[in-house]
2 protein chains.
Amino acid sequence: MSKKLVPVGVTNHHIHLCQEHIDILFGKGYQLTHFKDLSQPGQYATNEKVKVIGPKGSVNLRVLGPVREYTQVEISVSDQYITGLDAPVRYSGKLNDSAGCILKGPHGEIEIQSGLIVTVRHIHFHTTDAQKWDIKDNDWLKVKVDGDRGLIFDNVFARVKDSYALEFHVDLDEANAAKIKTGDMVEIID
Amino acid sequence: MSKKLVPVGVTNHHIHLCQEHIDILFGKGYQLTHFKDLSQPGQYATNEKVKVIGPKGSVNLRVLGPVREYTQVEISVSDQYITGLDAPVRYSGKLNDSAGCILKGPHGEIEIQSGLIVTVRHIHFHTTDAQKWDIKDNDWLKVKVDGDRGLIFDNVFARVKDSYALEFHVDLDEANAAKIKTGDMVEIID
């Protein structure tokens, strides 16, 4: 059987906002402005940034569009040390037990009680890719990286949707630990 | 057989200097001043810092003591993106094919032609630990980390010396990718 190769997509820390929070942070009725498209269909980076504030410090996160139903703040473990915020490792959208923080925009600030996570490393599969490799939505996988900083990522979460493009999403800490960058190919192993 | 457990020691980027370069960067005959002892016997952090300059930017690195025969600059993959410097993954002291950079101190600056590396993840073994587990100097090992960000580090270099304290050395990128910190226990696996 051929190798299950997946392109890497390195994801920087970022934030998704609901309109209610956009109104508070940027002003009533404010509309996010498009900066550039992302590899996942329909997703884009905006020109807007929000300050995420914790007990020890803050980090500036780019807002991703489109507007979501719930605000979600995706920080890195490095950010946890900078801000003093402690966020659980969760998959996007699974915000039970997620943490809170203060968000500050040019117009105002708000304290959110949940929505702060460190995103679990995951692979987006288009349905046809998942079927070909017999991978199911919510499976946990292992991904092997070769090279000087070779390693095997355990606990890689599988998400399958018709709207997804095949991609292994890691954050900057993970990418640099393994010395991989967007577009590199890695292998799903058993 | 009992598990081969090793405590983690997270190593921040840093620099070792020879006296000739200390003279240039800090002034003729300058002596490094002790800041705090490190876990490896005889090694210590100093109060001195040096700017490491590349084509895109710079990072400030703390000088470690004691003075060495050769200058060695140990940066992270994150630092490579910040500075635009491209350093090979090497073990400390193995500086063949290592890269160069500009170093700037309070007294002067110098361009070095070699000595710039990204340190390969490695374990220091006291001789008795290595014998107990049948591990030889220069072996390549695998280290397993459990938890939310669990992974298996491949290409872990073994160094054995009577003067070493047992410790698994990773940089901040690697520590944050695996969500481990100094003092956590990890396991050598076959």
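A residue counts as exposed when its relative accessible area is over 50%, and as buried when that area is under 20%. By that rule B:Asp146, with a relative accessible area of 58%, is exposed. The model discussed here is predicted. Chain B and chain A bury about 2,200 Å² between them, and the structure holds 26 salt bridges over all chains.

**Interface between chain B and chain A**

- The contact draws 27 residues from chain B and 27 residues from chain A.
- Of the area buried between the two chains, about 2,200 Å², carbon and sulfur atoms give 47%. On the side of chain B, the residues that lose the most area to chain A are B:Val89, B:Arg149 and B:Asn176, which together make up 26% of what that side buries.
- Between chain B and chain A there are 4 salt bridges, and 19 residue pairs are in polar contact.
- At least two residues of the chain B side come from each of α2 (77–83), β9 (109–119), β12 (151–160) and α4 (172–178). The element that gives the most to this side is β12(B), with 5 residues.
- Sorted by class, the side of chain B that touches chain A comprises 10 nonpolar, 7 polar and 10 charged residues.

**Salt bridges between the chains**

- A:Arg149 pairs with B:Asp171 in a salt bridge whose closest N and O atoms are 3.3 Å apart. This pair crosses between chains: A:Arg149 lies in the loop between β11 (140–145) and β12 (151–160) of chain A, and B:Asp171 lies in strand β13 of chain B.
- Both partners fall under the 20% limit for burial: A:Arg149 is buried because its relative accessible area is 2%, and B:Asp171 is buried because its value is 11%.
- B:Arg149 also takes part in a salt bridge, here with A:Glu174, at 3.1 Å from N to O.

**Salt bridges within a chain**

- In chain A, A:Lys104 forms a salt bridge with A:Glu109, and the closest N and O atoms are 3.8 Å apart. A:Lys104 counts as partly exposed because its relative accessibility is 39%, and A:Glu109 counts as partly exposed because its relative accessibility is 46%.
- In chain B, the side chains of B:Lys144 and B:Asp146 meet at 2.8 Å, N to O, in a salt bridge. B:Lys144 is partly exposed, at a relative accessible area of 25%, whereas B:Asp146 is exposed, at 58%.
- Salt bridges with shared partners link A:Arg121, A:Asp171, A:Glu174 and B:Arg149 into one network.

**Helix α1 in chain A and chain B**

- The buried residues of α1(A) are A:His21, A:Ile22, A:Asp23, A:Leu25 and A:Phe26. They pack against β4 (44–53), β5 (58–65), β8 (99–104) and β9 (109–119) of chain A.
- A:Asp23, within helix α1 (residues 19–26) of chain A, counts as buried because its relative accessibility is 15%. Beyond its neighbours within four places in sequence, A:Asp23 contacts A:Lys28, A:Gly29, A:Tyr30 and A:His107.
- A:Gly27 follows α1(A) and has a positive phi, near 115 degrees.
- In helix α1 (residues 19–26) of chain B, the residues B:His21, B:Ile22, B:Asp23, B:Leu25 and B:Phe26 are buried. Their packing is against β4 (44–53), β5 (58–65), β8 (99–104) and β9 of chain B.

- B:Glu167 belongs to strand β13 (residues 167–171) of chain B. This residue is buried yet has no salt bridge, and B:Lys36, the nearest side chain of opposite charge, is 11 Å away.
- The side chain of B:Glu167 makes a polar contact of 2.5 Å with that of B:Ser39. Apart from residues up to four places away in sequence, B:Glu167 touches several others, among them B:Val6, B:Gln40, B:His122 and B:His124.
- B:Ala165 is located in the loop between β12 and β13 of chain B and counts as partly exposed because its relative accessibility is 27%.
- B:Ala165 and B:Glu111 are separated by 54 residues in sequence and by 34 Å in space, C-alpha to C-alpha.

Terms used: Residues numbered from 1 in each chain as written. Chains lettered and ligands numbered in written order. Predicted model: local features only at pLDDT ≥ 70, side-chain atom pairs only at ≥ 80, totals over all residues. Heavy atoms only, no water. Helix = DSSP H or I, 4+ residues; strand = E, 2+ residues; numbered from the N terminus. Buried < 20%, exposed > 50% of the residue type's maximum accessible area, 1.4 Å probe, protein only. Contact = heavy atoms within 4.5 Å. Lys, Arg positive; Asp, Glu negative; His and termini not counted. Polar contact = N/O pair within 3.5 Å; in protein donor to acceptor, adjacent residues only side chain to side chain. Buried area = accessible area lost by both parts, 1.4 Å probe. Nonpolar A, V, L, I, M, F, W, Y, C, P; charged D, E, K, R; others polar.
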